Amino acid sequence: MRYLTAGESHGEALVGIVEGMPAGVPVTPADIDEHLSRRWLGYGRGGRAKVERDQVRVLGGIRFSHTMGSPVALLLPNAAYEKDRAGWPETMAVMGDGDGVERVTLPRPGHADLVGAQKYGFDRPPHGPDVRPVIDRSSARETAMRVACCSVARQMLRALGIEVGSHVVRLGEVGLDDPAGWAEDRDALLAEGGARALYEKADQSEVRMLGDALSERAIEHIKAAKKAGDTLGGVYEVVATGVPVGLGSYAQGDRRLDGRLAQAILSIQAQKAVEVGDGWLAGRRPGSEVHDPITRDGDRWGRESNHAGGVEGGISNGQPLVVRGTMKPIPTLIKPLGTADLATGEAQPTRYERSDVTSVPAASTVAEATVAWEIAVALLERYGGDTFGALRERVEADRERGF
Ligand SMILES: Cc1cc2nc3c(=O)[nH]c(=O)nc-3n(C[C@H](O)[C@H](O)[C@H](O)COP(=O)(O)O)c2cc1C
């Protein structure tokens, strides 16, 4: 199973193709839109988040609310282009030579602007200097289509009782690095309704944090950063429940589930670190506090704790999968940073364009989507199935065996 996205941030639309889904998975556009609207969440979001809401159009692969086994084709029009705001149809015109279109010649530090222009030749004639093509594809607008594609696979997981959720655990200086600080609240939600209960609770907070006091402190922190013309990064945790034993493998490095989950997180713009289970803390603690004792209850295997985050030997062990991602602060700051003009080589301060103070809450929902995708791929590798019915029978047979 694979997906591809295409399209520029201010072009006509984003498109996506999901290939390899079994036939018979229940999916509707509303299922996809649910997660698209969650991507807009977050205090401190400005610019596009305020003016744009996504609604997916399904162009193929789904009939009578179920997949057909054929590629699922998705379309997300870009509102800015459609409403002809700021002349985007001319700026992003497919034809012509762009005569009269303003060029962007100040690359922003912390973005793909300069390296992208150097790599694709937009730093020099005949197609430059102009970093617009780099900005428009490297921007996180692309994650809207990624969320849409991954949501199709997520519906397959949901129909098998597998849920993926997330919450933000740190925003800049506010939050806790030790999972012990939030494990109790998180586990109570997981016991109540799996990872879906976790994300639904987190969605009630403007910063997707568990606990009103923490959310309020984070919002104050965001307000202060905004006042100082600065931006904030943070850390979020993604949890998957109902994941069967046996996804991934130790047999080859690139089949390890933990490695693949790390790639799922780091494939998202601006994500800079990943932890699985106890993560960094596991490097500081003795083995007796890190490894999870094995239990046997009737015909069920279990673990006394879940420091491993649901993966041992690169294979899911039936415990909740737990991964955390760290997002760097947004590189577009009101406070200017140093750069140089691509056309003249002259040193210049960056120019501010309306942007978020922090996008960590939004990034956490994107990470949920990409983690769900990896789980779906690993599930299909283990169980296969051209039809959802065949897949479900195999998964349920394993569950009955005590997996
Ligand atoms: C959900 C999300 C929203 C983002 N919003 C913005 C934004 O509003 N302004 C901005 O400058 N960068 C934003 N970014 C960050 C840039 O996409 C990112 O910094 C850029 O891709 C370079 O980071 P990289 O070097 O890790 O790819 C956002 C990232 C994500 C994941």
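In this predicted model, helix α10 (residues 257-266) and helix α11 (residues 360-383) pack at an angle of about 145°, with axes 8 Å apart; the helices are DSSP runs of H or I with at least four residues, numbered from the N terminus, and angles run from 0 to 180 degrees between N-to-C directions, with axes fitted to C-alpha atoms over the stretch in contact. Leu257, Arg260, Leu261, Ala264 and Ile265 of α10 meet Ala367, Thr370, Val371, Glu374, Val377, Ala378 and Glu381 of α11, where contact means heavy atoms within 4.5 Å. These residues comprise eight nonpolar, one polar and three charged, with Asp, Glu, Lys and Arg counted as charged, Ala, Val, Leu, Ile, Met, Phe, Trp, Tyr, Cys and Pro as nonpolar, and the others, Gly among them, as polar.

The ligand is surrounded by 18 residues, of which His111, Ala270, Lys272, Thr332 and Ser355 are the closest; a residue belongs here if one of its heavy atoms lies within 4 Å. By class, this shell has seven nonpolar, eight polar and three charged residues. The table gives polar contacts, pairs of N or O atoms within 3.5 Å.

| Residue and atom | Ligand atom | Distance |
|---|---|---|
| His111, polar side-chain atom | oxygen | 2.8 Å |
| Ala270, backbone N or O atom | oxygen | 3.0 Å |
| Ser359, side-chain N or O atom | nitrogen | 3.2 Å |

Taken alone, the ligand exposes 630 Å², and the protein buries 84% of that, as computed by the Shrake-Rupley method with a 1.4 Å probe.

Residues are numbered from 1 along each chain as its sequence is written, and side-chain values use heavy atoms, leaving out hydrogens and water. Local features need pLDDT of at least 70 and side-chain atom pairs count only at pLDDT 80 or more, whereas totals for chains, interfaces and linings use all residues.

Notes: Helices (H or I, at least four residues) and strands (E, at least two) are DSSP runs, numbered from the N terminus. A polar contact is a pair of N or O atoms within 3.5 Å; within protein, one must be able to donate a hydrogen and the other to accept it, and residues adjacent in sequence count only if both atoms are side-chain atoms.
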